[in-house]
Amino acid sequence: MTSRRSKFLPLSLILLCIAWPTFAQSQASGDEVVTIDAHATTTPFPHFWEQMFGSGRAILTLREAYREDLRAVKKVADFRYVRFHAILHDEVGVYNEDEHGNPVYNFAYVDSIYDGLLKNGVRPVVEISFMPKKLAFNPDALHPFWYKQNVSPPKSMERWDDLIQHFAQHLVERYGIDEVAQWYFEVWNEPNIDFWNGIPRQESYFELYDHTARTLKSVSPRLRVGGPATAAAQWIPEFLQHTAENHIPVDFVSTHGYADDTVHNMFGTNEDIPMDDRVGRAIAKVRGEINRSATPHLPLFWTEWNVPGMMEARDTIYVGPALANTVRECDGNVDMLSFWTFSDVFEEGGPTSTPFRGDFGLRAFDGINKPSYYAYGLLHQLGDQRLANVSNNVIVTRTANGDLAIAAWNMVDPGQQGTSRELTLHLLGVPQNAKAAIQRVDQTHGNVLPQWAAMGKPKNPTPEQAEQLNRETALPAPEEMALSNGTLHLSLSPNALLLIHVENSRH
């Protein structure tokens, strides 16, 4: 694993000096010692990684399996927003034309979709996509995804404006402006690649954005709109320059970047950047681009990301350490980091053929919890104030009552041979024998794949089998320990993620 710089360099150097004799000795033996001062100055640590999740396309939200997964994930990561594609897809039935070619609008399924989200305590990030075929300049411009969305520009910008106005006005009338003003409207999805076939791509997308943003604001200036929702962190300077020079409304910047996006696509260079570091680096790049723009205070929403997908890694315990490391690297640079996706009720490549094929979600098809589901549950317990530390494998936080909540991990990339690591936490400012509670996701905790294999790898698990898998992988009660002279020794197997809660009776 490559070394990673801490953003808290001055305090890190101080703590390194404090711990240097033990730290130097531990490095010689391959172990790691981290010294933590419970009274050190903290920085805010909002849970930006669990505020929003992605999820397939709009029509899937009407399925009970989708809603069950939403409720299950909300229990471990109390997310507030969900984003999905294709609210304007013909299967939702929003747009039609009568025999005279006049627009006909129908928001019945839209209402069912958003009613279901709100009933379960989640608001939408409304991705305004894709093009209704009868409104499309090219009705045959279909994307190769299984649900064949149309990626054409509209045949008439006047008709598009009318659709957006009726859509937004209907939402305001149904849910009230005080509610809808808490939503976000994102214009299109990844227009810099094959999800948009306007020519030229950037110029035609900017025209679509301009019309959409102005129309939304004409319904109510309180509606929040943003973009460009690009793949691989592209177009941000151009987008912000365009909106500033032309006085186009923009309330947030959104873009995407995955750990296995290429360095050339994400950064335009041939640098050697490990996959584990690419999302953090890309977010820092985009944050810098926003800071240097005419609108430097715009929030940044990273509306799609995930860990590398090779070797079906997204079904494995590797996700936990990769998630924690990305959170560590992105802290302070992004307002919402939206994991794609919370559920494998997902059909970009067609119906699932097996519950475990490396899909994106926290829950496999049939409502089976993956290790990533439990990893999110551990990180949810972190506090909202962060303390600096020298390690690239540890996040230290303070909870509301003054206790410490610490995440520690031993990341080993897919296909690599890893070894166990010994970690010693030396805590200052807490009782020398303070109580500690430890939870972990590792090879034998929260890991469904061995249990599924022992079951014979059923391709279509019965509800009883799914329930058994969840029961057998549910995390046990925390392991209780106590510090010894202010010290805690831990062993982390390859790709283990630990959450350590240390009581601090002195607060």
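1. Ser204 has its place in helix α6, residues 201-219. Helices (H or I, at least four residues) and strands (E, at least two) are DSSP runs, numbered from the N terminus. The model is predicted, so local features need pLDDT of at least 70 and side-chain atom pairs count only at pLDDT 80 or more, while totals for chains, interfaces and linings use all residues. Residues are numbered from 1 along each chain as its sequence is written, and side-chain values use heavy atoms, with hydrogens and water left out.

2. Is Ser204 buried or exposed? Ser204 counts as buried because its relative accessibility is 10%; buried means under 20% relative accessible area, exposed over 50%, and partly exposed in between (1.4 Å probe, protein chains only). A polar atom of the Ser204 side chain lies 2.7 Å from the backbone oxygen of Pro200, and one lies 3.1 Å from the backbone oxygen of Arg201. Not counting residues up to four places away in sequence, Ser204 touches Trp196, Gly198 and Ile199; contact means heavy atoms within 4.5 Å.

3. Arg57 belongs to strand β3, residues 52-57. Arg57 counts as buried because its relative accessibility is 5%. The side chains of Arg57 and Glu91 are joined by a polar contact of 2.6 Å. Such a contact is a pair of N or O atoms within 3.5 Å; within protein, one must be able to donate a hydrogen and the other to accept it, and residues adjacent in sequence count only if both atoms are side-chain atoms. Leaving aside neighbours within four places in sequence, the residues in contact with Arg57 include Phe84, His85, Trp146 and Glu347.

4. Strand β8 (residues 184-187) is covered on both faces: Tyr184 and Glu186 on one side, and Phe185 and Val187 on the other, are all buried. Strand β7 (residues 123-128) runs parallel to β8 and is joined to it by four bridges; two strands pair if DSSP finds at least two bridges between them. Phe185 in β8 is the bridge partner of Val126. Strand β9 (residues 225-230) also pairs with β8 in the parallel sense, over two bridges, and here Glu186 stands opposite Gly226.

5. Why is strand β16 (residues 394-398) described as largely enclosed by the rest of the structure? The description holds because four of the five residues of β16 are buried. Strand β15 (residues 385-387) pairs with β16 in the antiparallel sense over three bridges, and the two form a hairpin with six residues between them. In β16, Arg398 is the bridge partner of Gln385.

6. β16 also pairs with strand β17 (residues 404-409), in the antiparallel sense and over five bridges. Arg398 stands opposite Leu404 in β17. The hairpin formed by β16 and β17 has five residues between the strands, and Gly402 in the turn has a positive phi of about 95 degrees.

7. The structure holds one cavity of 30 Å³ or more. Among the residues that line the largest cavity are Thr61, Tyr66, Ile113 and Asn120. Helices α2 (64-76) and α3 (108-119) each supply at least two residues of this lining.

How values were computed:
1 Å grid on protein atoms, 1.4 Å probe; cavity = no way out; pocket = protein on both sides within 12 Å on 5 of 7 lines; lining within 4 Å. Points joined across faces, edges and corners; volume = space filled by probe spheres on them.
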